[in-house]
Amino acid sequence: MGIVDKYDLRRLDKSNIELAFDCPNCRKTRISMNGGNDEKFWNEVECPKCNSQIVLDGFSLAVIKNNGN
């Protein structure tokens with residue numbers, strides 16, 4: 001196994017992260033969260049179908065680098 005690096009939201013704030021998923025409440029609407037230089041988009045998404053407020057309260061990204069690379 002190689003080296004494992006973990007990246008949290010603060011470290012990824014300048015990355016272009018895009019998440020898309022079905023609304024956890026009504027499951028009828030596709031919700032998209034598009035990152036940028038602002039963490040606010042993670043907690044300001046509302047489902048247009050059922051008006052549920054959707055908050056991403058945890059996220060980390062793991063990157064595994066192979067030995068010798």
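Start by selecting Arg30 and Asp22: they form a salt bridge, with the closest N and O atoms 3.2 Å apart. A salt bridge here is a side-chain nitrogen of Lys or Arg within 4 Å of a carboxyl oxygen of Asp or Glu. This is a predicted model, in which local features need pLDDT of at least 70, side-chain atom pairs count only at pLDDT 80 or more, and totals for chains, interfaces and linings use all residues. Residues are numbered from 1 along each chain as its sequence is written, and side-chain values use heavy atoms, leaving out hydrogens and water.

Color by accessibility. Arg30 is exposed at 54%. Asp22 is partly exposed at 43%. The cut-offs for relative accessible area are under 20% for buried, over 50% for exposed and in between for partly exposed (1.4 Å probe, protein chains only).

Next, select Thr29. Thr29 sits in the loop between strand S2 (18–22) and strand S3 (30–34). Strands (E, at least two residues) are DSSP runs, numbered from the N terminus. Is Thr29 buried or exposed? Thr29 is buried, at 14%. Now show its contacts (heavy atoms within 4.5 Å). Beyond neighbours within four places in sequence, Thr29 touches Phe21, Asp22, Cys23, Cys47, Pro48 and Lys49.

Finish at Lys65 and Asp5. Their side chains meet in a salt bridge at 2.9 Å, N to O. Lys65 lies in strand S6 (residues 60–65) and Asp5 in strand S1 (residues 3–8), so the pair ties together parts 60 residues apart in sequence. Lys65 is partly exposed, at 38%. A search of the whole structure finds two salt bridges.

Methods:
Helices (H or I, at least four residues) and strands (E, at least two) are DSSP runs, numbered from the N terminus.
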